[in-house]
Amino acid sequence: MASEDLNPWALMPLPWRFCFEVTRLPMQGQGSLRLLHGQTSQALLDLAPGQQRSTCCLNATAWLFALGEVSATVDGAELLVTAGVGAEVYRALDRVIFPADQVHLQQPEQLIWHGLVEAEGPPTQAGWGLPGRHWLLPPEAPLPEALQQVKQLTAPEQEWLRFRQGIPAVPGELNAGLNPFELGLNERVSLEKGCYLGQETLAKLQSRSGLKQQLRRFYAPPGVNIPETGAKLFGPGGERAGTVSSCQANWGLALIRRDWWQCQELAGVQLSLPEAVLFNSQ
């Protein structure tokens, strides 16, 4: 991770690689895309075989419980759960499939998403918004030669990378009563496609500017009290300004209240927009 004495969010020297677990949910049948279109936040009906689009899995009140990548296939579609509990997404979909839907939901498959970052470049939606090459492999599969030659990030380094990018995770940012707009995931939401699970709540939030909090990353410099997960952040007058959702060592993520969105520091803790939020929430 970055040097604390310089920019605490500067990327470590390239190249390096990261990996995280994902769940593939394959579907067969001509109603597969229609089902995902109605059960997730993104417009999907125009996807052609081989095309992919990022989406959110929501409950009826628009609380976010997983992130996914939807791919259209020749005989159906597949949902790749990239954050959240894949088994929970499987159960949620299985409950709403009826024979008339013409969808066969197959058993979940656990995979590892490998990302290789070799040079600076434009961000991508997939792979935590980082440039580079990506592989989806079974856990027992041998690594491609390109991955074998590059350093694998340690678990603390990868968690720091998650904070840097602003990627939600269980339990701090997922299954916690948060919606996609609070986490800067606007580009994963369609407000024009018609009815879908959680759509009414999201439309109200968008039209009334109803967000009360937004995601920020934070860094606590040496000498500053390091917040713990669940800790409250306060303004100079003791006003409650936010809540820490995830943290590790000096870094973490926090939900900051509306009145403090422009604030760059609270009680010595430095706040900034995560990288993925910068290009997903405009």
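Q: What covers the buried residues of helix α2?
A: In this predicted model, the cover over the buried residues of α2 includes the strands β1 (16-28), β2 (52-58), β3 (64-73), β4 (76-84) and β5 (104-105), together with helix α1 (32-39).

Q: Which residues of helix α2 are buried, and why are they said to line one face of the helix?
A: The buried residues of α2, which spans residues 86-96, are G86, V89, Y90, A92 and L93. Seen down the axis of α2, these buried residues fall within an arc of 165°, and therefore they line one face of the helix.

Q: Why is T23 called buried?
A: A residue counts as buried when its relative accessible area is under 20%; T23 has a relative accessibility of 5%, so T23 counts as buried. This residue lies in strand β1, and among the residues that T23 touches, beyond those up to four places away in sequence, are L79, L80, V81, G86 and P108.

Q: What makes the pair T23 and Q110 a polar contact?
A: The cut-off for such a pair of N or O atoms is 3.5 Å, and the side chains of T23 and Q110 are joined by a polar contact of 3.1 Å.

Q: How do you know that strands β8 and β11 pair?
A: Pairing requires at least two bridges between two strands, and β8 (residues 213-219) and β11 (residues 251-257) pair over seven bridges in the antiparallel sense. Within this pairing, L215 stands opposite L255 in β11.

Q: What makes β9 and β12 edge strands?
A: In the open sheet of six strands, ordered β9-β10-β11-β8-β13-β12, β9 (232-234) and β12 (265-266) each pair on one side only.

Key. Residues numbered from 1 in each chain as written. Predicted model: local features only at pLDDT ≥ 70, side-chain atom pairs only at ≥ 80, totals over all residues. Heavy atoms only, no water. Helix = DSSP H or I, 4+ residues; strand = E, 2+ residues; numbered from the N terminus. Buried < 20%, exposed > 50% of the residue type's maximum accessible area, 1.4 Å probe, protein only. Arc of directions from axis to C-beta. Contact = heavy atoms within 4.5 Å. Polar contact = N/O pair within 3.5 Å; in protein donor to acceptor, adjacent residues only side chain to side chain.
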